[in-house]
Structure formats: C-alpha cells, structure tokens
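Me: I'd like to go through this structure with you. Can we start with the terms?

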Amino acid sequence: MKIKIGYAGLSHLGINYAVASATKGFDVVGFDNNSMLISSLKKKKLPFYEKNLEQNLKKKFNKIKFTNNIKNLSECDLIFISQDTPTNSLNQSNLSLLKILIKKVIINIKKKCNLIILSQVPPGFTRSIKWNKQKLYYQVETLIFSKAQERALKPERIIVGKDSNKMNKKYNFFLKKFKCPILEMNYESAELAKISINIFLISSVTSTNILSEISEN
C-alpha cells in the first residue's frame, strides 16, 4: 500500500516525526506557515539539534516536501497536527494557535483524509473537532529531547484515541511499520494518558532532585 503522510506544524514534534516517517519509507509533506523555517529546511538546515536527525534528514531528503502552501496537504492520506502546544509562565496551555491551524487544515484537505492530533491537548479536545469521527484520531507522542529520533522510530508502544470505529486501513498500515503494540482507546482516555505520562516524568525528576539533595547533605 502506497500512502503519503502530511505534518502540519514543523516544531520539534513535527520535524522529528516527519523525518521518522520518511525513514520508514513514506513520502512526506511537511507544512508550516513560517517561510524562513521552510527555506532553512529546504537547505537541510535544522532549527535545533537532535541526535541522528540531521543524518536521517539528509538520507531521506528526497522523500520529504517542505512547504508553506497548506494546499499541498491535500495530497496526503494521513495528516498529523504536529505543532507543539505553547504554555505560559504558569505552565497553562495556549490552544488558540492550535485551533486556528486545525481549522485551516480542515478547509484545505480532502474529506477522505485521516486527521490525527499529535499535539498535547486536554481531554475532550479531539472529540470537539468537526471532522468525520471515522477518520479522526488522537495519537500520544512520547518524544524526549536528545532522544526524539530514537523514540519516534522505535516507540515501545503507540497509544491511539478513536471513536467506536475500527482503525482505518491506511492509518493501521502506517502504524504497523513501527512494529510495536498499538493500544486503542477512546479520545479522552488517550488525551489523559498523554497528560499522565508527563505528570509521571515530572514527579520522577522531582523525586530524583530531592534524593540528590538529601544525599549531598
């Protein structure tokens, strides 16, 4: 099966997953409104460092189309919303830009496209999106800075939130390329799983720092 994968929002999240998808053999369209970012990516210049990312980008560069023309996403079978969710000084998520991006994507893609949300969102967000629920999913991302390519290419599991429908064939074909367990649940459970993973990581770091201070004392 030949399918094309689109990524809307080329932040740390979007770039790593776009390159990982190309490395797995898929043709990829990477969209972002930032024309300077697109210009740099077309020259194989990355806005940040990640182990093996530049190497993988250069290897599969001919499989990725970087563009600031959102209409190019209409070529894709699967489209991931992959913009990092910004937070303020109180660590509160700002979803306004994400909502604008999703609306623009929906206006410019074909109704047969599968739309997958990768960005971190609160429970209930995905279900509120006005798109065919048979083709709407939430996928939990678990990238870690400095290990993002490794985790994008070799996840220990993939958590997918969906409606009551069976997994779409094209999306299922894509997921199986990663050769790991696929855990299916409803939208809200998947969205909560992502938040829970983050809370666990935060608490682990906090506990480690406390134990370190105790040891030093």
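Reply: A polar contact is a pair of N or O atoms within 3.5 Å; within protein, one must be able to donate a hydrogen and the other to accept it, and residues adjacent in sequence count only if both atoms are side-chain atoms. The model is predicted: local features need pLDDT of at least 70, side-chain atom pairs pLDDT 80 or more, while totals for chains, interfaces and linings use all residues. Numbering runs from 1 along each chain as its sequence is written, and side-chain values use heavy atoms, without hydrogens and water.

Me: What does the side chain of asparagine 16 reach?
Reply: The backbone oxygen of histidine 12, at 2.9 Å. Asparagine 16 lies in helix 1 (helices are DSSP runs of H or I, at least four residues; strands are runs of E, at least two; both are numbered from the N terminus).

Me: Is asparagine 16 buried or exposed?
Reply: Buried, with a relative accessible area of 0%. Buried means under 20%, exposed over 50%, partly exposed in between, with a 1.4 Å probe and protein chains only.

Me: And what is asparagine 16 in contact with, leaving aside neighbours within four places in sequence?
Reply: Among them are Phe48, Leu53 and Leu143. Contact means heavy atoms within 4.5 Å.

Me: New topic. How do strand 7 and strand 8 pair?
Reply: In the parallel sense, over five bridges. Pairing needs at least two DSSP bridges. Valine 160 has glutamate 184 in strand 8 as its bridge partner.
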